Amino acid sequence: MTMTLKIDDKYLPNLESFIASLPKGAVEMRGSLDEEIMERVAQYDNGQMKTIPFTDGLHTIKERLLSQR
């Protein structure tokens, strides 16, 4: 069975404790951002990620907003 839960942050420790109390293999956790973050850091470190300087990106956003007037 697959289930999606939205948990208020203040109850997250309770949920984690409950899941830890279940038998090993009873729950498969997906959706952790840790793996995604590590993959993106590796892409950045290896030069595979396209990046632009902050000021260039800010300028592009400003131009787009001003053109909507």
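How many salt bridges does the structure hold? In this predicted model, the structure holds 1 salt bridge, and the partners are Arg40 and Glu36, whose closest N and O atoms lie 2.6 Å apart.

Both residues belong to helix α2, which spans residues 33-45, and because they are 4 residues apart in that helix, about one helical turn separates Arg40 from Glu36.

A separate feature of the model is its largest pocket, with a volume of about 790 Å³. The lining of this pocket comprises 19 residues, and those that lie nearest its centre are Met3, Leu5, Val27, Glu28 and Met29. By residue class, the lining of the largest pocket divides into 12 nonpolar, 5 charged and 2 polar residues.

Turning to confidence, the average pLDDT of the chain is 89, and 99% of the residues score at least 70. Among the elements of the chain, helix α3 (residues 54-67) has the highest mean pLDDT, at 93, whereas α2 has the lowest, at 89; the salt bridge between Arg40 and Glu36 thus concerns two residues of α2. Where pLDDT is low, predicted coordinates should not be read in detail.

How values were computed:
Residues are numbered from 1 along each chain as its sequence is written. This is a predicted model: local features need pLDDT of at least 70, side-chain atom pairs count only at pLDDT 80 or more; totals for chains, interfaces and linings use all residues. Side-chain values use heavy atoms; hydrogens and water are left out. A salt bridge is a side-chain nitrogen of Lys or Arg within 4 Å of a carboxyl oxygen of Asp or Glu. On a 1 Å grid over the protein atoms alone, a cavity is a set of points where a 1.4 Å probe fits but cannot get out, and a pocket is an open set with protein on both sides within 12 Å along at least five of seven lines; lining residues have an atom within 4 Å of a point. Grid points are joined across faces, edges and corners, and a volume is the space filled by probe spheres set on the points. Ala, Val, Leu, Ile, Met, Phe, Trp, Tyr, Cys and Pro count as nonpolar, Asp, Glu, Lys and Arg as charged, and the others, Gly among them, as polar. pLDDT is the predictor's confidence in each residue, from 0 to 100.
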